[in-house]
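Good morning, and thank you for making time for this presentation. I would ask you to look at the structure on the screen while I speak.

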Amino acid sequence: MTVMPVPDEAAKNTRTESKRVGRAVDPDDAAPIMRRVKGKLTSRWATAAAVVIAVVWTVPTFGLLVSSIRPAAKQVGPRSDGWWNFFADWDFTFKNYVDVTAAAGSQSANLSQYFVNSLAIVVPVTVFVLVLASMAAYIFAWGNFKGREAGFIFVFALQIIPLQMALIPLLQLFTQVLQIPPGSYTQLWIAHTIFGLPLGIFLLHNFISEIPGEVIEAAKVDGAGHTTIFWRIILPLSVPALASLAIFQFLWVWNDLLVALVFSGGTADVAPITQRLAEISGTRGSRDYLNPAAAFVSIIVPLAVFFGLQRYFVRGLLAGGLKG
Amino acid sequence: MDFIGGKLLQVVIALAVFAAIIGLLMLLVDRAPKSAKDKITVIGFLAPAAVLLLVGLVYPAVQTSFLAFTDSAGRLNGLDNFVWMFTQPEALATLRNTVIWTVLVPLLSTVFGLAYAVFIDKARGERILKALVFMPMAISFVGAGIIWKLVYDYRGPGIEQTGVLNALRVALGMEPKQFLLDAPENTVFLIIVMVWIQTGFAMVILSAAIKGVPMELVEAARLDGANPWQQFRNVTVPGIRGSLVVVLTTITIATLKVFDIVRTMTAGNYDTSVVANEMYTQAFRAGEPGRGAALALILFLMVLPIVVYNARVLRQQKEIR
């Protein structure tokens, strides 16, 4: 999905929030007041509603996980029943996972190959976008040239061109003009990098432009050129923003289907795991019971990235700043 | 596992080539003569991104706009593709569905996200409660499609149900339902999947915004005798208006482009297609790139007002700074 925060003051707002409260209300008074307000607001009904939402939001994924470890006969055919019956008879197996990842037989989903493809696509793209976007963001923030504002607004606007508009001509350009062979990673790398740049530049620009000018001036006085300033000062200071953009970029590219369908050629050599997953879930057949395990293999990496780096991810969402 | 070696090699080569290009650029910028140094710096830092964006996004977008006025053989055919779009019942259904999606998804996601953010604000275990609802953001649309197919699973009456929803229906004495087959409500069931994914996003942003609303304002309203609903309505909501706009815009744009959910769950059959999916079908399956391009252009025109609005907000804020 596309995230398009409007740059604003809220990142600052959240940062200074505690200070502001302290200024207006004496800290000693603030605590009991807040407790009282909280008591008013979080009624029992609100808590109940929150729990209901949390359960409804979690049950589908949980059901998938449970389904994926149930034997085939429990999932399809006359002896099948709902995944919740798992808790009545603890009949579980890892065979589905073995079947789905082992690379044997034409019937096999062969997921391990596609899994490696996804990694091979995601890692370079993330690096490309981070480097190119931070270079452009730096020059938009601290460069001195005509049309800087206009150029940046233009890049911002590009963010919202639907991918769909670019696909057909880009495919023609790749295959007919540039002669990039289909069925290689190259097309996917370039396409994903292009599509990741506008948001990348936008997010990083917001962060980099807030680095204090004195830091850069001081370096200039010491005789540092733009390249030194960029690699030695800007990038190290931008690590939080770079981290969140990296997570974003990783999740998008890993979860992408559309770009993969158009540019991968669909072979086991190149196509990512989402594409294979879409194929096997699209065809109804005797091996339907493998779908939950296959789906879980494909979401395990993004989920791990998500839960491991959640803090940076959320910070990235808020990095553009949001007006309170 | 021998396939890994070759793939790893490709990745390493790509990264090495990239590093060489960037290294060369940096060297050029560094060695530039003093008189032209600033100019060359700007070009060196901007050129890679600029070239990629112009060649990969701007040029294709212009190209697609032209393609929209040609037929399957590449000849100009005026407005035929648009006439097709606005007269064929299937194409019209696609447009209608897209409108339903873009109204319902942002609205429902924001309402649920906001409600949840308010309910769990400062509650015990807030972080875990947030993570649970935010989690679907990390799951691909394809994965989400499979997850929800499981939820919507249908078996004939009298047979043991394997889908949660139909099991509930049967338990309540109702007939099981073919959630994804019966138009027009099947579109709503697909929309629920998108709402499931987007609510976490809305919740995280709005939760941060709520925490930015000054406590003393809420307290003042309370002292004036406002009940919790009035406090929420008259203090919190105006305080987070900016974030609400951002959330609504972002989700609207994401929804307009949505493609994978429809594709994995119904493949656009049973009257559920949306513009983004139909565009792919026409351009890459049906051999009608002109029609696909016309649909893409319509998609762009639908997004355009949002672009203009946000670019204006952006400019205003730049001026304030």
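Predicted model: local features only at pLDDT ≥ 70, side-chain atom pairs only at ≥ 80, totals over all residues.

Let me begin with the interface. Chain A brings 128 residues to the contact, and chain B brings 118 residues. The size of an interface is often given as the accessible area lost when the parts come together. Here, the area buried between chain B and chain A is about 11,000 Å², and carbon and sulfur atoms give 77% of that area. On the side of chain B that touches chain A, helix H2, residues 37-67, gives the most, with 21 residues. That side of chain B divides into 76 nonpolar, 24 polar and 18 charged residues.

How many salt bridges does the rule find across the interface of chain B and chain A? The number is 0. As for polar contacts between chain B and chain A, the count is 5 residue pairs, both residues being at pLDDT 80 or more.

I turn now to helix H7 of chain B, residues 164-171, where Asn166(B) is found. Asn166(B) counts as buried because its relative accessibility is 0%. Leaving aside residues up to four places away in sequence, Asn166(B) touches Tyr152(B), Asp153(B), Tyr154(B), Gln161(B), Pro176(B), Lys177(B) and Phe179(B).

Ala171(B) also has its place in helix H7 of chain B. With a relative accessible area of 65%, Ala171(B) is exposed. From C-alpha to C-alpha, Ala171(B) lies 33 Å from Ala123(B), and the two are 48 residues apart in sequence.

Thank you for your attention.

Key. Residues numbered from 1 in each chain as written. Chains lettered and ligands numbered in written order. Heavy atoms only, no water. Contact = heavy atoms within 4.5 Å. Buried area = accessible area lost by both parts, 1.4 Å probe. Salt bridge = Lys/Arg side-chain N within 4 Å of Asp/Glu carboxyl O. Polar contact = N/O pair within 3.5 Å; in protein donor to acceptor, adjacent residues only side chain to side chain. Helix = DSSP H or I, 4+ residues; strand = E, 2+ residues; numbered from the N terminus. Nonpolar A, V, L, I, M, F, W, Y, C, P; charged D, E, K, R; others polar. Buried < 20%, exposed > 50% of the residue type's maximum accessible area, 1.4 Å probe, protein only.
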